[in-house]
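Here is a briefing on a ligand site and its pockets. Have the model open while you read.

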Amino acid sequence: MSRHPNIVILTGAGISAESGVPTFRASDGLWENHRIEDVATPQAFRRNPTLVQTFYDQRRAFLGQVNPNAAHLALARLEAAWKGDFLLVTQNVDDLHDRAGHNQLLHMHGELNSALCTRCGAARPWTGPLLGNPTCPACRQPGGLRPDIVWFGEMPYHMNRIEAALAACDLFVSIGTSGAVYPAAGFVGWARDAEAKTLELNLEPSAGTPMFDEARHGPASVLVPAWVEEVLGSR
Ligand code: OAD
């Protein structure tokens, strides 16, 4: 009996690069002029909360200046048209996939537009600054809110759902990620264990390229729409 193939897509910073959002691993090893360990760890937040809140407040405010590009829009078209199971897992904390329009989207590293209360544990939509000890909308206590971002040493979100989707997928596609950060870098291996086909779309060969059945290299705004047209045309 034939059935519609299940697709799992993993995206990283490369898909948002042409929207103007800087990627993480620039050649100078800095992320927007900061060492990652100074802004993206729980220890950094304890040591210098003002620096960390300011850093993410700036990233959050910057979202108002960027828009989804052709690659984000193509993936939204694919989800809308796809008859099999579809899951988009992003490592990105920007909201560009959300704005392109998805129902099956998981932010495994959290979201800039969400605040996490360290007092009551609630995560709530948040678009303004977190500096200045604002009050938690859930428990009404001030001073407990932090960016709802998965920092190094913390557990990524939605791992059970992601693992189940990979175990049942027929096609796994990795887009715009360097393959440097686990567990996301290991998803291609999980998909292979499920005997899925695997495809990498990235600007250049990544650390994970040898793991994929096929790799195409070039800008996401070109590769992704072309691949989506190919997939939808071959149904
Ligand atoms: P990286 O900055 O490590 O990698 C971005 C990848 O995108 C690189 O392989 C680039 O070659 C590629 N790239 C750049 N421009 C591109 C374009 N126009 N089209 C296609 N590809 C392009 O970003 P991630 O792999 O997403 O985690 O980083 C993974 C995680 O590390 C992030 O989610 C973040 C970071 O530390 C946390 O914050 C927890």
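The points below cover the ligand, then the pockets.

This is a predicted model, where local features need pLDDT of at least 70, side-chain atom pairs count only at pLDDT 80 or more, and totals for chains, interfaces and linings use all residues. Residues are numbered from 1 along each chain as its sequence is written, and side-chain values use heavy atoms, with hydrogens and water left out.

**Ligand**
- Around the ligand are 22 residues (near means a heavy atom within 4 Å).
- Phe 24, Arg 25, Thr 177, Ser 178 and Glu 204 come nearest.
- A polar side-chain atom of Glu 18 is 2.9 Å from a ligand nitrogen atom.
- A side-chain N or O atom of Asn 202 lies 2.9 Å from a ligand oxygen atom.
- Ala 220 places a backbone N or O atom 2.8 Å from a ligand nitrogen atom.
- The protein buries 93% of the 800 Å² that the ligand exposes when taken alone (Shrake-Rupley method, 1.4 Å probe).

**Largest pocket**
- The ligand takes up the space of the largest pocket (a pocket is an open set of points on a 1 Å grid over the protein atoms alone, where a 1.4 Å probe fits, with protein on both sides within 12 Å along at least five of seven lines; lining residues have an atom within 4 Å of a point).
- Its volume is about 820 Å³.
- The lining of the largest pocket has 23 nonpolar, 13 polar and 4 charged residues.

**Second largest pocket**
- This pocket holds about 310 Å³ of space.
- Its lining has 15 residues, with Leu 171, Lys 197, Leu 199, Trp 227 and Val 231 closest to the centre.
- By class, the lining of the second largest pocket has 6 nonpolar, 2 polar and 7 charged residues.

Definitions and conventions:
A polar contact is a pair of N or O atoms within 3.5 Å; within protein, one must be able to donate a hydrogen and the other to accept it, and residues adjacent in sequence count only if both atoms are side-chain atoms. A molecule sits in a cavity or pocket if more than half of its atoms lie within 2 Å of its grid points. Grid points are joined across faces, edges and corners, and a volume is the space filled by probe spheres set on the points. Ala, Val, Leu, Ile, Met, Phe, Trp, Tyr, Cys and Pro count as nonpolar, Asp, Glu, Lys and Arg as charged, and the others, Gly among them, as polar.
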